[in-house]
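Welcome to this guided tour. Please load the model in your viewer and keep the selection tool ready.

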Amino acid sequence: MTGVEGRGSGMSRTVDRLVMPTLSSKHLRIAAVAASLVLAAVSGLGAGCAGLQHPAPDTRPPQYDVVITNGRVVDGTGNPWFYGDVGLRGERIVRVAPAGALAGASARTRVDARGMVVAPGFIDVQSHSWDALLFKDGRVVSKVTQGVTTEILGEATTPAPINDRMLALYDFGPDDSIPARLYRGFTGARGFGRWLDAMGRHPNSVNVGSFLGATTVRVYAKGQAQGRATAAELDTMRAVVREAMRDGAFGVSSALIYPPGSYATTEELIASAQAMAPFHGVYITHMRSEDDSLLEAMDEALRIGREGGVPVEIYHLKAAGRRNWPKATAMVAKIDSARNAGQDVGATMYPYAASGNNLSACFPPSWAENGRLLANLRDPATRARIVREMTDTSAGAADYCQRSGPSTYMVTGFQRPELQRYEGKRLDEIATMMGRPWAEVVVELTLAEEDKLDKINFSMSEENVAMQLRRPWVIIGSDAGGVNPDSAQGLVHPRAYGTYPRILGKYVREEGVLTLEDAVRKMTSAVAQRLSLRDRGLVREGAFADLVIFDPATVADRATFPQPHQLSAGVRDVYVNGVAVVRGGKHTGETPGRVVRGPGYEGQ
């Protein structure tokens, strides 16, 4: 008992007088345990006196980087929505759970999606953000604020692979601009892959991939001349296709109304399709006609798919020109029939009754052979012949712009100050202002602006648009590039700003043409399936965390034809590879986009 004596003599004396009873071994063991517990308690109390005691900090990392709660999950499959929680870690979705299941989970960021829809990010199967995603503003603000997380390029012409014939098509000459320097680096057998890699190095807010342009294939082998390809040229075309597929192309894309791509024969396109078939590519096409020869053009596209052994996708399905609107039913029936017969064919659409392309589409394509359109227009005798063809309305004459008439076309893209007054005006109005026939006006403006003008074509039926959108094999593509409203100049088609919110606002909420779930499917998993992108397009565990959070009650397009540079409403947050690129409707400045490649890719 000597350990207690230092606390006072009185206590010492009391202890000395205690009579200790005899204890059994069992009681001794119990006493020893009790003593050790008392000692531990006293020790802890002493430490508490020395300073406040805090539990050891939890140094474990949070379970999730982002947890999204309280939202209605529309997962992209077409299944009915459900309330759920979504957990992100790094670039992936790692948990999709019942509502409230992640309430207690640790997370760096928690996002309350109450009243919102949580859906996969939208995949734009027909983008034209060529320059933005290679060397300009890769934020593509007008696209990501719609909920777009992946853009697919490739219609008609791609800047890779490049050779002298392709450089002549781009007409760089001695130009040492940024695109000229970049394009010259996309040469050789792996030129297509080098182009994709270059976009991968550029800071982009969206993922990007591409088809191989059929015009590129033809020009690479044959230049800009008309005529059938020789056996040697066909061998070159097949080699170009095979190498691009190995580099990650999704397939081959044609646009058969624009020269020199329009010079390709059906047999040539079948040869390209056969070359990509072993790599599981898709033939996607802006057909040779969308108006008077619409059904015949569809027959050509279906034949290329059948004999080439590949699926077919028809760009921006339409029956153009009032006289052709009744063909839309037969057009849809032709695809249904092909599918019933076992052919894999589908189509893309944008939700507008107006299309857009180059003003030079009003010229017969043969006059652009070998890049001589402007030279031919400057020659008085040749110009007169061109104008006669442009205005020929006799039976059997090819249609350029003459049958729909000049009031159908809005002209955009003017750069010269003295011509700015014509921006956004209809062609018939410009003709009146200039006091010239419309065809002569097209010639004059094309020469003045060096073939850089565009037009918007008001040639489609709203009823047909709604009817076609309902078809289960239709997917959504904008046919537009991304722009920044703060720096954009001139008019663009409003689809650059409003394609996806217009589907969700006009065709889902307002008109009930589509259910919410089917609309999301057409913009996400259906596109990913066509492209064989296995890890995108779904809110699913293990998928890349490309997500959009939008308000189904307010989502809408704001862009109009006279005033297109207006961001859409209702899209609150957008994630690309787990990183927020839009938060609260505002671009965050983040650029987490990466390259996506097709199923034939043979790289790492």
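For one of the stops below, you will need a sorting of side chains: Ala, Val, Leu, Ile, Met, Phe, Trp, Tyr, Cys and Pro count as nonpolar, Asp, Glu, Lys and Arg as charged, and the others, Gly among them, as polar. The model is predicted, so local features need pLDDT of at least 70 and side-chain atom pairs count only at pLDDT 80 or more, while totals for chains, interfaces and linings use all residues. Residues are numbered from 1 along each chain as its sequence is written, and side-chain values use heavy atoms, with hydrogens and water left out.

**The whole chain**

Begin with the cartoon view. The protein chain has 19 helices and 21 strands; here helices (H or I, at least four residues) and strands (E, at least two) are DSSP runs, numbered from the N terminus. The radius of gyration is 33 Å, well over the 25 Å that the globule rule gives for 604 residues, so the chain is more spread out than a compact globule. Of the 604 residues, 54% count as buried, where buried means under 20% relative accessible area, exposed over 50% and partly exposed in between (1.4 Å probe, protein chains only).

**The largest cavity**

Next, select Leu317, Lys318, Ala319, Met349, Met460, Ser461, Asn464, Val465 and Gln468, which line the largest cavity. A cavity is a set of points, on a 1 Å grid over the protein atoms alone, where a 1.4 Å probe fits but cannot get out; lining residues have an atom within 4 Å of a point. Grid points are joined across faces, edges and corners, and a volume is the space filled by probe spheres set on the points. The space inside this cavity is about 40 Å³, and the count of cavities of 30 Å³ or more is 4. Which helix gives the largest share of the lining? Helix α16 (residues 462–469) does, with 3 residues. By type, the lining divides into 5 nonpolar, 3 polar and 1 charged.

**The disulfide**

The link is left-handed, at -85° about the S-S bond. It joins distant parts of the chain, 39 residues apart: Cys362 is in the loop between β14 (355–358) and α12 (373–378), and Cys401 in the loop between α13 (380–390) and β15 (409–412). Cys362 is buried, at 0% relative accessibility, and Cys401 is buried too, at 1%.

Most residues other than glycine have a negative phi, and most peptide bonds are trans. Select Ala160 and Pro161 to see a cis peptide bond, with omega about -5°. Another cis bond joins Pro259 and Pro260, with omega about 0°; Pro260 sits in the loop between β10 (251–255) and α9 (266–276).

Move on to His316, which has a positive phi of about 30° although it is not a glycine. Is His316 buried or exposed? At 3% relative accessibility, His316 counts as buried. Finish at Asn370, whose phi is also positive, near 55°. Asn370 lies in the loop between β14 and α12 and is partly exposed, at 45% relative accessibility.

How values were computed: Disulfide = S-S within 2.5 Å. 1 Å grid on protein atoms, 1.4 Å probe; cavity = no way out; pocket = protein on both sides within 12 Å on 5 of 7 lines; lining within 4 Å. Rg over C-alpha atoms; globule rule 2.2 N^0.38 Å.
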